[in-house]
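Q: I'm new to this one and would like to learn how to read it. Could you take me through a few features step by step?

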Amino acid sequence: MNWGRLPAGLAAVMAVAPAAANSVNATVAIEVIARVVERCGIGATAHTNRPLGMDRVQSFALGFNLDCNTPFRIGVSSRHGALRLVSAADDATMLDGFGIEKPYAVELSFGTDRLGNVVAGSCSSAALRDSQGKCPFFGQAGERSGFSAGAHETAIQRQGQLLISWAAIEGGSRRLVAGDYEDILTVDVVPLL
Amino acid sequence: MKRLILATAALGAFAAAAPALADGNNQGTDTETYTIQGANPAKCDIVTESQDVSLPANSISDNNGLVNNGLAVAVATALNSVPITAWCTGNANSLVMTRSALTTGNGQLINGFSQAAIYDLNVDIADSRRADNSPVAEGSSDGPGNGPGIGVGAAVPITRFGPTGNGSQLTFTQEPGTTVAAAGNGANDNEATRTAYVEAGAVRLVAGQYTGTVTLTLTPGV
């Protein structure tokens, strides 16, 4: 056991031990004080990760386990703000006059201890790229952003999901280049200390 | 020993408080990432308002009743005026153009007259190129199954084109190096290679309404 990594409360208990070792009839009263620290964690549930056809309607859920014993914020951000052609150059906006990005929608919901299932809202992927998108659950690590279910709401061993969907055909007039597309969604949970 | 029991109890209390998500201490920001993947299949389409094209009167034969040397140009002009547009989203598409002879009756020689006129066309797409960056220039003389390129079986892929609207206009011209001729075996709207037609020589065409087909086949490829 690595004692150096024990929480502060347990370390205090162990510090008493050497003093009592030389006593025969002495009584030592030890007050044990433990504090449950604020913790908040998220873990993705298993899901199949395979490319889905972009030329047809799609809707699928990406689940996660949520375990927050303290009120928290949960934030979602998108790397590209859309499904983006994998082979496209970083600064490209088109390829041969064709489009290289397809928007999609994200709905965030999760269970809580008092309110039950909470739907944080639904946003376009573009609104998850930065705060300009005004998405109520946009958030990135290190920022005071994201969605809070309430100042006293916890979610101990609850589940949540991102519901991803896109249309078969976009309203825009520019066709998309054939190929593989990708985006990366990041979900951050932060305890409200 | 009592102290050890206390210590164990305290440790148990801490363990029970720890979340199941032990991928960090979970006392600060915890993060999960998801990769969303999509595949956009290659597609092509040919768009035309009409699949019937009528040639101007007196386009097939000249004043001597022989096949009009301008027949291929007349067909090309008629096709260009439709217009015919197309698009492909992949970058390795195949294009094949074929045509039948223009025929009347059974397309065979009759009483020394011809009932068929054969010609060849080229089709080009301004914003598409072959893989070697040369123009598309697909000709009809090599017949079915043969796309851009020289020789039987040639099918050099062409790049994506037509990103918006109805796509890019297909431009038709007479295929370079080919001639127009009266044929002795133009029957059945058969779209064959130029060498499959037997030229009838300087024979006149019988009067009548002639019909034929031009077929464009675009096959998408990434």
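Predicted model: local features only at pLDDT ≥ 70, side-chain atom pairs only at ≥ 80, totals over all residues.

Q: Where do I begin? How many helices and strands does chain A have?

A: Chain A has one helix and 12 strands. Reading along the sequence, the pattern is α-β-β-β-β-β-β-β-β-β-β-β-β.

Q: What share of chain A counts as buried?

A: Of its 193 residues, 42% count as buried. The accessible surface of chain A is about 10200 Å², and carbon and sulfur atoms account for 50% of that.

Q: What should I look for in the way of a nonpolar core?

A: The general idea is that in soluble globular proteins, nonpolar side chains tend to be buried together. Here, the largest nonpolar core has 43 residues. Those with the most contacts inside it are Phe110(A), Phe137(A), Leu162(A), Ile164(A), Leu185(A) and Ile36(B).

Q: Which strand gives the most to this core?

A: That's strand E3 of chain A, residues 58–68, which gives five residues. Apart from this core lies another, of 33 residues, including Ala72(B) and Leu95(B).

Q: What is Ile164(A) in contact with?

A: Setting aside neighbours within four places in sequence, the contacts of Ile164(A) include Phe60(A), Leu62(A), Tyr104(A) and Leu185(A), along with Ile36(B).

Q: Now for sheets. How do I read one?

A: Strands of a sheet pair through backbone hydrogen bonds, either parallel or antiparallel. In chain B, there's an open sheet of three strands in the order E5-E6-E10, with antiparallel pairing. Its edge strands are E5 (102–103) and E10 (181–182) of chain B, each pairing on one side only.

Q: How many bridges join E6(B) to E10(B)?

A: Two bridges do, and the strands run antiparallel, with E6 of chain B covering residues 116–118. For an example, look at Ile118(B): its bridge partner in E10(B) is Ala181(B).

Q: Let's finish with one residue. Is Ser168(B) buried or exposed?

A: Ser168(B) counts as buried because its relative accessible area is 11%, and the cut-off for buried is under 20%. You'll find Ser168(B) in strand E9 of chain B, residues 168–174.

Q: What does the side chain of Ser168(B) make a polar contact with?

A: The side chain of Asp127(B), at 2.7 Å. Not counting residues up to four places away in sequence, Ser168(B) also touches others, among them Ile84(B), Thr85(B), Ile125(B) and Phe161(B).

Note on methods: Residues numbered from 1 in each chain as written. Chains lettered and ligands numbered in written order. Heavy atoms only, no water. Pairing = 2+ DSSP bridges. Helix = DSSP H or I, 4+ residues; strand = E, 2+ residues; numbered from the N terminus. Core = buried A, V, L, I, M, F, W, Y, C linked by side-chain atoms within 4.5 Å. Buried < 20%, exposed > 50% of the residue type's maximum accessible area, 1.4 Å probe, protein only. Contact = heavy atoms within 4.5 Å. Areas by Shrake-Rupley, 256 points an atom, 1.4 Å probe, with all protein chains shown as cover. Polar contact = N/O pair within 3.5 Å; in protein donor to acceptor, adjacent residues only side chain to side chain.
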